[in-house]
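Welcome, and thanks for taking a look at this one.

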Amino acid sequence: MLHKWQKREISNFDYLMYLNTLAGRSYNDYMQYPVFPWVLADYHSETLNLTNPHTFRDLSKPMGAQTVERKRKFIQRFNEVEKSEGDLSAQCHYCTHYSSAIIVASYLVRMEPFTQTFCSLQGGSFDVADRMFHSVKSTWESASRDNMSDVRELIPEFFYLPEFLTNANRFEFGCMQDGTVLGDVQLPPWADGDPHKFIQLHRQALESDYVSAHLHHWIDLIFGHKQHGSAAVEAVNTYHPYFYGDKTDLNNIKDPLIKSTILGFISNFGQIPKQLFTKPHPSRNAQGKSSSGRETMLLHSGGILPPFMSSLQNLKLSPVTIKDYPKGAIGHIVHTDKGILAVEKNKILIPPIWSKTFCWGFEDFTCCFGTYGSEKNVTTFECMADWGKCLCAVCPSATTIITSGTSSVVCVWELSLVKDKVKCLNLRQGDIISCAGSYLYLWTVNGHLLASINTACSPTCRIVCCCFAEVMDWDSIIITGSTDGVVRLWKAEYTNTPDQAAGVRLQRGVMEEPGSTGNKCGKHLVLCRELNPGLALTGRAGRTSPAVTALAVSRNSSKLLVGDDWGRICCWSVDG
């Protein structure tokens, strides 16, 4: 994993999660929760400049040494306390920790079950409003400059979960001394009051060139050779001995009072992760360079950007030949290691073997399972008829099928291999795209609308199929196929004005969330590229083009496969 991270084959986020896991940190233990660094120091600017080094926190120093004056005071504290083992006044720089149960619960207090966890840690009620997590900027200033008892770092949720920043449950946290009612977390000006934008920019900062070039210094402090010993003293990075699990053997402590005191100390203030490195952690390779120093493919911050995504303007079309062509319009395409599989309309292939099919479109509204290459249906499901006629379906796993249709309800079915039953379950984390007529919608997994657009270029044009193509861990391209035979590639972007959406008319005021807050412009779907298979194959636009009925992106994101209403499959790629 270290070499993959160095070569930029995995993101900074993934590597930090890997190190946390190796060090015994887990989402299941508040006292040993995964720890992530503060990466930014700019929480006051209107725009975030990720090319300016002053935008970032100094990753070579712990939170207690972010300013010269703060560092001097902690060194003075260290020198004033005589060295003593097993004493609450032991020689150290910090008597509080950068990660503890109360820090985790305070960050996530607006979400259950963390709300109840926070209250239980606080004796059954919320803390004084001014002491609760209410502002990203204020929390940074407290942990990096103002409060000598505060050296907290961050948690992973700051880089992927916008929901923890809003008080969706409308908890009554009280009022601060200035009269401000405590509700949603106050965000930096550059986030425009939008939690989704904050998370997106914060994640981009984590994956930026500056952080990639300096992250190994922070790893040295938290997981490496500067965790304790003389290197830790020199780096102003020593904590109370009770925080170091390998230094305190509770089994050898006979006095129950001392033992309970130590356990309470650890419970309240946290624990140092296991040391993973005893030598300086190597740095990450520079952008665009391999370990040998040769130029590599175009890189994005989290890894190698697939050719298909990096060359949208240079894609070429080529026809595709498969062994068993479906009869009629293409309904689903799968790019496997052994080749390309396809089935006709109203059918999808079931992963991971792709030998079974799920089909719909029958007069009695039932759905069936079948075998790939055979017309015979093996199993019929009548319970799905209760939700009206099925119009579309996807199968993300061997035991999960998602359907939707005339009822306008999206159903998620779980296939039980034991009882052969189908029941509803919740969707997994991630954004969702849905289409209705010519309208394209982007949702959160919780059903909040992020963006919508009318893609119609004519009164009769409508979307037939759609899919995601992952560009980076936190970003994707949305691909749609329409009845006019054109494939369109969309990207969700924060635009200054709604009219910037690449000449495509945005639906202002359509499907707005009631009570939504944030930037009036916000997130919009922007057209990146149009691909016309008919024009590419013949060199001229035909009067009639078959509708695009199926889309698939190859596993390595190097090819886009397109199926149409005439039963043809073609491939868009850089190589052609």
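What is the order of the strands in the open sheet of 4 strands? In this predicted model, the order reads β3-β23-β22-β21, and the pairing is antiparallel.

**The open sheet**

- The edges of the sheet are formed by β3 (316-319) and β21 (548-553), each of which pairs on one side only.
- From one strand to the next, the twist averages 25°.
- Inside this order, β22 (residues 559-564) and β23 (residues 569-573) are joined in the antiparallel sense by 5 bridges.

- Strand β14 (residues 432-436) pairs with β15 (residues 439-443) over 5 bridges, in the antiparallel sense.
- Across that pairing, Cys-435 has Leu-440 of β15 as its bridge partner.
- The hairpin of β14 and β15 has 2 residues between the strands, and Gly-437 takes a positive phi near 65° there.
- Strand β15 is also joined to β16 (residues 449-454) by 5 bridges, and these two run antiparallel.
- Here the bridge partner of Leu-442 is Ala-451 in β16.
- In the hairpin of β15 and β16, 5 residues sit between the strands, and Gly-447 has a positive phi near 85°.

**Aromatic pairs**

- The whole structure holds 30 aromatic pairs.
- Tyr-98 and Tyr-239 have ring centres 5.4 Å apart and planes at 80°, so this pair counts as edge-to-face.
- Tyr-98 sits in the loop between α3 (68-80) and α4 (101-107), while Tyr-239 sits in the loop between α9 (230-234) and α10 (256-269), so the pair ties together parts 141 residues apart in sequence.
- Both Tyr-98 and Tyr-239 are buried.
- Phe-126 and Phe-173 also make an edge-to-face pair, because their planes are at 70°, with the ring centres 4.8 Å apart.
- This pair ties together parts that are 47 residues apart in sequence, because Phe-126 lies in the loop between α5 (114-121) and α6 (136-146) and Phe-173 in the loop between α6 and α7 (195-206).
- Phe-126 is partly exposed, at 24% relative accessible area, whereas Phe-173 is buried at 5%.
- Ring pairs also build a cluster, whose members include Trp-38, Tyr-43, Tyr-107, Trp-140 and Trp-190.

- Asp-127 is placed in the loop between α5 and α6.
- Is Asp-127 buried or exposed? With a relative accessibility of 16%, Asp-127 counts as buried.
- The side chains of Asp-127 and Arg-131 are joined by a polar contact of 2.7 Å.
- Leaving aside residues up to four places away in sequence, Asp-127 touches Phe-118, Gln-122 and Met-132.

**Cysteines**

- How many disulfides does the count come to? The count comes to 0 disulfides.
- Cys-466 is partly exposed, with a relative accessible area of 31%.
- Cys-411, in contrast, is buried at 3% relative accessibility.

How values were computed:
Residues are numbered from 1 along each chain as its sequence is written. Side-chain values use heavy atoms; hydrogens and water are left out. A disulfide is a pair of cysteine sulfur atoms within 2.5 Å. Buried means under 20% relative accessible area, exposed over 50%, partly exposed in between (1.4 Å probe, protein chains only). Rings of Phe, Tyr and Trp (its six-membered ring) pair if their centres lie within 6.5 Å; planes under 30 degrees apart count as stacked, over 60 as edge-to-face and the rest as tilted. Two strands pair if DSSP finds at least two bridges between them. A polar contact is a pair of N or O atoms within 3.5 Å; within protein, one must be able to donate a hydrogen and the other to accept it, and residues adjacent in sequence count only if both atoms are side-chain atoms. Contact means heavy atoms within 4.5 Å. Axes are lines fitted to C-alpha atoms, for helices over the stretch in contact, and angles run from 0 to 180 degrees between N-to-C directions.
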